Amino acid sequence: MAWFFGKQGANPMADRLYDVIVIGGGNAGLCAALTASEAGASVLLLESAPREWRGGNSQHTRNLRCMHDAPQDVLTDSYPEEEYWQDLKKVTGGITSENLARLAIRDSSRCRDWMRRHGVRFQPSLSGTLQLSRTNAFFLGGGKALVNAYYRSAEHSGVDIRYEAPVDRLELDDGRFVAARLGGDRIEAKACVLACGGFESNREWMRAAWGQVGGEWVADNFLIRGTRFNMGVLLKFLIDAGADAVGDPTQSHCVAIDARAPLYDGGICTRVDSVSLGIVVNKRAERFYDEGEDFWPKRYAIWGRLVAGQPGQIAYSLIDAKAIGRFMPPVFPPFEAQTLPELACKLGLDESALTRTVDGFNTACRGGSFDHTALDDCATSGLAPPKTHWARPLDTTPYYAYPLRPGITFTYLGVKVNERSAVHFSGRPSPNLFAAGEIMAGNVLGKGYTAGVGMTIGTAFGRIAGAQAAAAVLQGKLRANA
Amino acid sequence: MSAGPAEDAVAEVARQLQICNACRYCEGFCAVFPAMTRRLEFGKAEVDYLANLCHNCGACLHACQYAPPHEFAVNVPQAMARVRLHTYSDYAWPPALGRLYKNSGLTLALALATGLALFLALALALNGSLWQRAPAGNFYRVFPHNLMVSMFAPVFGFALLALSLGVRRFWRDISPADRALDAPRAAAAEATRDALALKYLDGGHGEGCNEADDRFTLSRRRLHHFTFYGFMLCFASTSVATIYHYLFGWHAPYDLTSLPVLLGTAGGIGLLIGPAGLLWLNLGRHRLHGDAAQQPMDRGFIALLLLTSASGLALLAWRDSGAMALLLELHLAAVMALFLTLPYGKFAHGVYRAAALLKWAIEKRQPSRLQLGSE
């Protein structure tokens with residue numbers, strides 16, 4: 001009956017020789033697959049997650065940081081290359097590659113028409129994100145809508161897609177890609193794009209990277225904002241196989257999120273935006289950083305690491321009734337109390353220590369005219385650390401608190417690439433192995449983060465890697481014909 | 001926990017909107033999410049309003065990073081659909097009949113059986129036969145005009161009254177501060193436009209809503225237009241015929257090229273294509289869309305519309321044959337069942353949704369009371 005039902009259990013994709021295989025089905029992988037397919041290559045995309053979890057961290061994203069010289073559809077004013085580059089240089093403290101960064105920045109000014117052609121739709125900045133309306137183009141429906149659109153377009157253009165296909169190793173020949181191995185399967189291709197993310201979902205690796213403090217594994221207290229599938233299997237394989245690494249394994253896009261968030265895939269809604277309106281204390285009920293240093297959107301990306309540096313990797317954002325309705329609503333309800341000792345009790349903090357910290361802060365507040373929309377003149381004096389803006393005494397009950405933990409978005413340790421996105425082995429670029437997205441984002445992001453730049457890197461280098469992989473195939477064919 | 005199913009449905013929407021309000025990615029799809037961001041808490045009135053503003057397009061489900069299998073299990077279209085059923089039954093007038101929504105399939109079947117029994121018995125009593133040929137398709141020979149008016153006018157009038165009283169109470173609960181009749185002209189015009197054009201089935205990008213998967217399609221919007229405007233054309237046909245009858249003394253049957261027949265034929269065809277297509281889409285809808293428990297209500301209403309249009313067109317086609325009387329009996333039974341169930345079935349969605357659209361059109365013109373910073 002095989003003539004009627006087809007060959008039972010046969011996988012038609014396994015028999016085919018593809019020009020390009022793309023490993024990883026998030027934004028970067030999809031951009032690579034679509035670009036390679038457009039260039040005429042036959043493409044197989046291998047996604048480690050099942051279909052309902054496809055897209056890696058891209059399903060949690062919401063915008064793309066875009067260079068533009070004049071107002072565009074959903075972008076106000078202008079955001080020239082130089083300003084973008086300076087912003088990136090500032091947040092990374094100069095730990096970046098200007099060459100690669102500028103490549104991504106320039107691509108961001110021209111990639112959106114291509115994205116639209118593949119079904120991505122844009123919208124003006126969401127409510128509560130006016131500060132991004134100039135620099136960031138938001139995806140209508142968010143990152144999962146973008147991922148869905150790319151998958152539809154990939155299916156439409158004949159890209160073969162396999163879900164639940166985690167590649168565990170590659171066959172390499174002196175820096176040249178030969179085949180990918182998934183358990184017993186061996187898939188050959190003429191070129192390969194690696195877009196399989198960082199290693200943040202790998203608890204063991206995170207433990208090893210952060211080590212122990214006081215007999216406790218620091219990373220055990222971290223939450224992962226994104227996918228559970230970024231195990232860093234191929235990143236580790238490549239580094240062991242002699243690929244040049246870039247970046248520090250403890251560096252990542254790391255924000256302070258609600259401690260009650262799920263271990264994986266908490267996404268955007270677990271963020272807590274009340275920090276600048278009150279004070280933040282650690283588990284000793286002591287303050288440890290200037291909560292009013294700058295506008296929250298410019299500071300949210302440093303607070304994950306700040307909390308990671310505190311004992312037990314936990315902190316508490318404390319506010320009073322004056323702050324309610326002045327920040328984006330968090331997903332979990334706050335702890336609420338009529339007195340500070342009661343709040344301390346609910347949070348498991350030392351009552352007298354918390355009272356002392358709040359009293360000290362309240363006394364140090366110098367008044368001024370509070371304005372949450374400006375860098376106002378409400379600061380503390382004689383307090384260490386100071387609070388330099390929006391410092392108002394916590395004196396209006398009830399008091400509220402949100403517990404905070406470091407939330408890792410993605411790790412920056414990656415493989416070194418050149419402007420063609422080629423993976424390097426001992427300083428030599430591979431002729432047919434390319435990398436895009438988080439697995440190489442560390443080339444641009446040595447540390448720090450600014451909203452939407454992850455998608456800029458993924459889109460730019462995904463497109464570059466896809467085009468280069470297709471070009472490598474074509475060159476191979478030309479050589480074979482010659 | 002002594003909360004009933006209605007309270008549970010409201011609480012589930014409130015739970016999900018707490019997540020949505022902290023995420024907001026879906027703001028561009030429709031009016032539900034911009035309306036949500038003007039609120040921090042979601043009580044029964046807010047949830048009733050937002051649930052009826054939701055057009056069940058499915059875009060937010062497919063775009064949701066928290067949709068099942070995520071542990072947050074966010075499925076806004078489904079949670080909203082469950083609340084809508086409670087809205088219809090809670091606000092139904094008279095209140096005792098609200099429970100008819102919960103057994104919509106049975107309600108429809110009973111109404112249809114009642115209509116059939118009524119007209120078959122009437123035909124027998126009046127004419128002694130179910131099978132009758134009348135000169136030039138004159139159906140007043142089977143049922144005199146005044147008899148039909150005396151039967152349909154009160155039922156239709158009651159349906160209008162019941163729906164009006166229901167939606168009035170709904171409006172007072174969701175919008176205690178604004179009188180619907182005092183709505184700014186621009187708001188009323190916008191709400192009318194959004195309802196008539198089914199704006200919120202366009203996905204925010206104009207490419208339509210979701211059916212079987214994450215692909216967008218304008219099918220549902222277009223087929224609903226066929227259905228609604230088909231219905232309105234049939235209504236116009238009846239209205240014109242009424243004017244002809246009472247004002248000019250021109251009595252049916254009318255010529256095939258007369259206005260009532262042309263309007264009725266066009267409407268009937270619309271009411272055939274629209275519901276047939278909607279039924280097809282309904283059968284292929286993604287399993288997570290909407291509330292499966294309401295499929296009898298949705299499909300029953302569609303089937304009744306189909307029966308109404310098909311029997312009406314058949315009546316026109318065979319009005320000169322011996323089957324005319326039987327087709328007439330069938331058609332009148334369908335129309336009677338439709339009228340009887342208007343306030344207690346799927347038809348109510350249009351009335352409550354129009355009210356929610358008006359509320360949104362008013363509200364969006366008012367400044368938000370929240371100051372969440374950087375907005």
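Before you click anything, one definition: Lys and Arg count as positive and Asp and Glu as negative, while His and the chain ends are left out. A charge is placed at NZ of Lys, CZ of Arg, CG of Asp or CD of Glu. What you have open is a predicted model, where local features need pLDDT of at least 70 and side-chain atom pairs count only at pLDDT 80 or more, while totals for chains, interfaces and linings use all residues. Residues are numbered from 1 along each chain as its sequence is written, chains are lettered from A and ligands numbered from 1 in the order written, and side-chain values use heavy atoms, with hydrogens and water left out.

**Stop 1: chain A**

Chain A carries 52 positive and 51 negative side chains, and the centres of the two sets lie 3 Å apart. Switch to a cartoon view and you'll find 13 helices and 21 strands. (Helices are DSSP runs of H or I with at least four residues, strands are runs of E with at least two, and both are numbered from the N terminus.) Along its principal axes, the C-alpha trace spans about 80 × 50 × 50 Å. Of the 482 residues in chain A, 60% are buried. Buried means under 20% relative accessible area, exposed means over 50%, and partly exposed is in between, using a 1.4 Å probe and protein chains only.

**Stop 2: the largest core**

Now pick A:Val20, A:Ile21, A:Ile23, A:Met115, A:Leu170, A:Leu194 and A:Phe461. They have the most contacts inside the largest nonpolar core, which has 102 residues. Helix α13 of chain A (residues 453-481) gives the largest share of this core, 11 residues. A nonpolar core is a set of buried Ala, Val, Leu, Ile, Met, Phe, Trp, Tyr and Cys residues joined through side-chain atoms within 4.5 Å. In soluble globular proteins, nonpolar side chains tend to be buried together.

Zoom in on A:Leu170. Beyond its neighbours within four places in sequence, its contacts (heavy atoms within 4.5 Å) include A:Ile23, A:Phe177, A:Leu194 and A:Leu433. There is also a second, separate core of 83 residues, including A:Phe138, B:Ala79, B:Val83 and B:Ala183.

**Stop 3: A:Asp19**

Select A:Asp19, in strand β1 of chain A (residues 18-23). Is A:Asp19 buried or exposed? It is buried, because its relative accessible area is 6%. Leaving out residues up to four places away in sequence, A:Asp19 touches, among others, A:Lys190, A:Val473 and A:Lys477.

**Stop 4: A:Val331**

Next, go to the loop between β16 (315-320) and β17 (335-337) of chain A, where A:Val331 sits. This residue is buried too, at 8% relative accessibility. Which residues does A:Val331 contact, setting aside its neighbours within four places in sequence? Show A:Cys269, A:Thr270, B:Gln18, B:Ile19 and B:Ala22. For a distance check, draw a line to A:Ala261: it is 70 residues from A:Val331 in sequence, and 9.0 Å in space, C-alpha to C-alpha.

**Stop 5: chain B**

Hop over to chain B, with its 13 helices and two strands. Its C-alpha atoms fill a box of roughly 75 × 40 × 40 Å along the principal axes. Buried residues make up 53% of its 375 residues.

Finish at B:Ala123 in helix α6 of chain B (residues 104-127). B:Ala123 counts as buried because its relative accessibility is 0%. Not counting residues up to four places away in sequence, it touches B:Gly128, B:Ser129, B:Leu130, B:Phe143 and B:Glu329. Show B:Val142 as well: it lies 19 residues from B:Ala123 along the chain, and their C-alpha atoms are separated by 6.7 Å.
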